[in-house]
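Morning, everyone. Please look at the screen, and keep the sequence beside the fold while I talk.

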Amino acid sequence: MMTAEEFEFIDKHEIVLRVSHSVTKETKQRFYEIYNRLTGESKRPNGCGRCFMQVNKLLRHYYINYQKI
C-alpha cells in the first residue's frame with residue numbers, strides 16, 4: 001500500500017501520470033523508488049521510455065486507488 005508521504009509526492013507531480021512530460025532526474029528517481037517499494041522489484045532509471053511508462057502506469061493505479069480510500 002502506498003504511504004501518505006508517497007501519495008503526497010505523486011500528487012505534487014501528478015501531471016507526469018497523465019501526460020507525456022519531461023521529468024527531472026530526481027523526480028524519476030523517486031518514482032522508481034516508490035515503484036520498487038510497492039512491487040519488491042529493484043528497477044533503476046535507465047533512460048528507457050517504455051520502462052518508465054510501466055512504472056508510471058502502476059503508480060497511476062496506486063494513486064487513483066489511494067484517492068478512493
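**The core and the helices around it**

Let's start inside. The largest nonpolar core has 15 residues. Those with the most contacts inside it are Ile10, Leu17, Phe31, Ile34, Val55 and Leu59. By nonpolar core I mean a set of buried Ala, Val, Leu, Ile, Met, Phe, Trp, Tyr and Cys residues, joined through side-chain atoms within 4.5 Å. Buried means under 20% relative accessible area, exposed means over 50%, and partly exposed is in between, with a 1.4 Å probe and protein chains only.

Which elements give two or more residues to this core? They are α1 (4-12), α2 (15-18), α3 (25-39) and α4 (49-68). The largest share comes from α3, with 5 residues. These names follow DSSP runs numbered from the N terminus: helices are H or I with at least four residues, strands are E with at least two. As background, nonpolar side chains tend to be buried together in soluble globular proteins.

A word on the source. This is a predicted model, so local features need pLDDT of at least 70 and side-chain atom pairs count only at pLDDT 80 or more, while totals for chains, interfaces and linings use all residues. Residues are numbered from 1 along each chain as its sequence is written, and side-chain values use heavy atoms, with hydrogens and water left out.

Now pick out Phe31. What does Phe31 touch, leaving aside its neighbours within four places in sequence? Its contacts are Phe9, His13, Val16, Leu17, Phe52, Val55 and Leu59. Contact here means heavy atoms within 4.5 Å.

**How the helices pack**

Two packed helices are described by the angle between their axes and the distance between the axes. Take α3 and α4. They pack at an angle of about 65°, with axes 10 Å apart. The axes are lines fitted to C-alpha atoms, for helices over the stretch in contact, and angles run from 0 to 180 degrees between N-to-C directions. This crossing is left-handed. That means the near helix is turned anticlockwise from the far one by less than a right angle; clockwise would be right-handed.

Who meets whom? From α3 come Lys28, Phe31, Tyr32, Ile34, Tyr35, Leu38 and Thr39. From α4 come Cys51, Phe52, Gln54, Val55, Leu58, Leu59 and Tyr62. The residues of this contact divide into 11 nonpolar, 2 polar and 1 charged. For that count, Ala, Val, Leu, Ile, Met, Phe, Trp, Tyr, Cys and Pro are nonpolar, Asp, Glu, Lys and Arg are charged, and the others, Gly among them, are polar.

Thr39 sits in helix α3. Thr39 counts as partly exposed, at 31% relative accessibility. The C-alpha atoms of Thr39 and Leu58 are 9.3 Å apart, and the two residues are 19 places apart along the chain.

Next, α1 and α3. Their axes come within 11 Å and cross at roughly 145°. Again, the crossing is left-handed. Glu5, Glu6, Phe9 and Ile10 in α1 meet Thr27, Arg30, Phe31, Ile34 and Arg37 in α3. Here the residues divide into 4 nonpolar, 1 polar and 4 charged.

**The salt bridges**

How many salt bridges does a search of the whole structure find? There are 3. A salt bridge is a side-chain nitrogen of Lys or Arg within 4 Å of a carboxyl oxygen of Asp or Glu.

One joins Arg30 and Glu5, at 2.5 Å from N to O. Arg30 is in helix α3 and Glu5 is in helix α1, so this pair ties together parts 25 residues apart in sequence. Arg30 counts as buried, at 19% relative accessibility. Glu5 is partly exposed, at 44%.

Another joins Glu6 and Arg37, at 2.7 Å from N to O. Glu6 is in helix α1 and Arg37 in helix α3, 31 residues apart, and the pair links distant parts of the chain. Glu6 is buried, with a relative accessible area of 4%. Arg37 is partly exposed, at 42%.

Then there is Glu33 with Arg30, where the closest N and O atoms are 3.4 Å apart. Glu33 and Arg30 are separated by about one helical turn, because they are 3 residues apart in helix α3. Salt bridges that share partners join Glu5, Arg30 and Glu33 into one network.

One last stop: Asn36, also in helix α3. Buried or exposed? Asn36 is buried, with a relative accessible area of 15%. Leaving aside neighbours within four places in sequence, Asn36 is in contact with Glu41, Ser42 and Lys43.
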